[in-house]
Amino acid sequence: MNRRDALTTVALAGAAIAATGSARADTAPGSTLERIKKSGVLRIAVIAGQDPYFHKDLTTNQWSGACIDMANDIAGKLGAKVETLESTWGNQILDLQADKIDLAFAVNPTPERSLVIDFSTPILVHSFTVITKKGFAKPQTWAELNKPEVKIAIDIGSTHETIARRYCPKANILGFKTRDEAILAVSTGRADCNVSLAVLSIFTLKKNPTLGDLAIPRPLLTLPTNLGIRAESDRRYKDFLSAWADYNRSLGQTREWLLKAYETVGLSAEDIPSEVQF
């Protein structure tokens with residue numbers, strides 16, 4: 001074999017290796033989608049005290065809620081069953097990165113998060129509201145809460161904290177591990193109010209009508225909420241979830257899952273303020 005033939009052989013061998021590598025990347029045996037299909041399990045994060053998204057029956061330890069219905073629908077289309085891991089809003093991003101879960105629900109796609117995880121298209125667009133304790137004047141604007149004497153309870157690592165610190169930096173912001181603890185701070189008078197997404201605050205007040213009042217300060221603040229997934233080169237899982245999100249949102253199915261969860265506390269569509277859209 002002469003030198004030119006030898007170089008040609010090496011080049012062809014290199015091309016073959018590259019093609020094999022490309023084929024392996026296309027099938028992506030280590031990708032989330034392939035793992036779900038092979039294991040038959042879709043691992044999701046669940047968060048206590050986050051009705052109507054998630055509800056934990058303390059007697060049976062069974063989970064229900066709108067996001068559980070969504071997860072079961074997604075899993076069914078992938079030929080899988082749902083497996084849960086209890087987490088928090090702040091920790092579920094870490095759980096994704098650590099490969100403990102395959103899917104995080106109700107994740108707001110902030111620029112910072114986009115550096116470490118990926119997102120589907122939105123499943124909902126949410127409004128931010130305030131639950132005030134009894135006797136505390138309902139704020140008409142966020143500026144009314146931006147005072148040192150106002151104590152705002154939030155759950156650490158959530159977008160509730162992001163909104164409170166962004167629009168009320170002068171307020172006395174009290175951070176708690178969970179939203180349940182933040183709500184308890186309002187009910188006991190330790191805090192004046194709690195910043196929460198509308199879908200959560202409406203449920204909370206319907207379940208605990210003596211807790212306080214609902215305020216929707218101006219400007220009306222909204223953020224999309226998406227499905228969070230690990231960032232990976234195989235786009236099939238992301239594309240599938242985006243198609244699923246668009247399809248169910250446009251048909252109104254996502255809204256129906258939320259309304260079904262609301263029904264557990266006797267809350268109907270007529271109870272939802274007109275400013276709140278989802």
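Which residue of β11 does T132 stand opposite? In this predicted model, in which local features need pLDDT of at least 70, side-chain atom pairs count only at pLDDT 80 or more, and totals for chains, interfaces and linings use all residues, T132 stands opposite D213 in β11. Residues are numbered from 1 along each chain as its sequence is written, and side-chain values use heavy atoms, with hydrogens and water left out.

The protein chain contains ten helices and twelve strands, which are DSSP runs numbered from the N terminus (helices: H or I, at least four residues; strands: E, at least two). Of its 278 residues, 47% are buried, that is, under 20% relative accessible area with a 1.4 Å probe, protein chains only.

Strand β7 (residues 124-133) is mostly covered, with eight of its ten residues buried. Pairing, which requires that DSSP finds at least two bridges between two strands, is antiparallel between β7 and β11 (residues 212-215) over four bridges. β7 also pairs in the antiparallel sense with β10 (residues 193-197) over five bridges, where I131 stands opposite N194, and with β12 (residues 222-230) over four bridges, where V125 stands opposite P224.

Beyond its neighbours within four places in sequence, L103 is in contact with residues including I74, L227 and Y237, contact meaning heavy atoms within 4.5 Å.

Methods: Buried means under 20% relative accessible area, exposed over 50%, partly exposed in between (1.4 Å probe, protein chains only).
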